[in-house]
Amino acid sequence: SSGINAEYGEVPLTPHQNGISSHAMKVKVLNRNPNDYLKTRSGDLPKLPRNVDPTLHPHAAQREYTAALNAVKLERVFAKPFVGSLDGHRDGVYSMLTHPKRLPILISGSCDGEIKIWNVTTQECLSSVVAHAGFVRGIGINQVIH
């Protein structure tokens, strides 16, 4: 059961407890079962009460439908086709750069200090050079203007 399904009870107060009047009065109190809201183990997530009454949440079905539609749309947006892989680096690639004037040219720098120039259309390595003793953290092109 959830923490929402609580029972009401009445607790009688004697004149000595309330100090207001000389006759007994009844106070309504809410009794909850600790098993409904306390964690059983220290690693558990806290139990949250949830009221699933459709009269209290009239738009729940519409919200769920909208969320499902948005998830499908996002899945379509991020479902890009796999173009190919450029194999050749011995270590992980840390930085990449596309040539600003020659679109099929890609330059990649890896964690072992190697820089490779690739032709993306043919997926072949055009040139390779060991530029650093460590990571290649950035790549830039110095364009010479004629």
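Tyr94 is partly exposed, because its relative accessible area is 43%, a value between the limits for buried (under 20%) and exposed (over 50%), taken with a 1.4 Å probe on protein chains only. The model is a predicted one, in which local features need pLDDT of at least 70 and side-chain atom pairs count only at pLDDT 80 or more, while totals for chains, interfaces and linings use all residues. Residues are numbered from 1 along each chain as its sequence is written, and side-chain values use heavy atoms, with hydrogens and water left out.

The charged end of Arg137 sits over the ring of Tyr94, 5.7 Å from its centre; this term requires NZ of Lys or CZ of Arg within 6 Å of the ring centre and within 35 degrees of the ring normal.

## The aromatic pair

Rings of Phe, Tyr and Trp (its six-membered ring) pair if their centres lie within 6.5 Å, and planes under 30 degrees apart count as stacked, over 60 as edge-to-face and the rest as tilted. By this rule the count comes to 1 aromatic pair. The centres of the Tyr94 and Phe135 rings are 5.3 Å apart and their planes stand at 55°, so the pair is tilted. Distant parts of the chain are linked in this way, since Tyr94 lies in strand β3 and Phe135 in the segment after β6 (124-130), 41 residues apart. Phe135 counts as partly exposed, at 39% relative accessibility.

## The sheet

An open sheet is formed by 4 strands in the order β3-β4-β5-β6, with antiparallel pairing; its edge strands, β3 and β6, each pair on one side only. Strands (E, at least two residues) are DSSP runs numbered from the N terminus, and two of them pair if DSSP finds at least two bridges between them.

Strand β3 is joined to strand β4 (residues 105-110) by 5 bridges, and the two run antiparallel; Met96 has Ser108 in β4 as its bridge partner. Strand β5 (residues 114-119) pairs with β6 in the antiparallel sense over 6 bridges, and Trp118 stands opposite Cys125 in β6. The hairpin of β5 and β6 has 4 residues between the strands, and in it Gln123 takes a positive phi near 55°.

## Val93 in strand β3

Val93 belongs to strand β3 (residues 93-98) and counts as partly exposed, at 43% relative accessibility. Leaving aside residues up to four places away in sequence, Val93 touches Ser108, Gly109 and Ser110, where contact means heavy atoms within 4.5 Å. Val93 and Ser110 are 17 residues apart in sequence, yet 4.0 Å apart in space, C-alpha to C-alpha.
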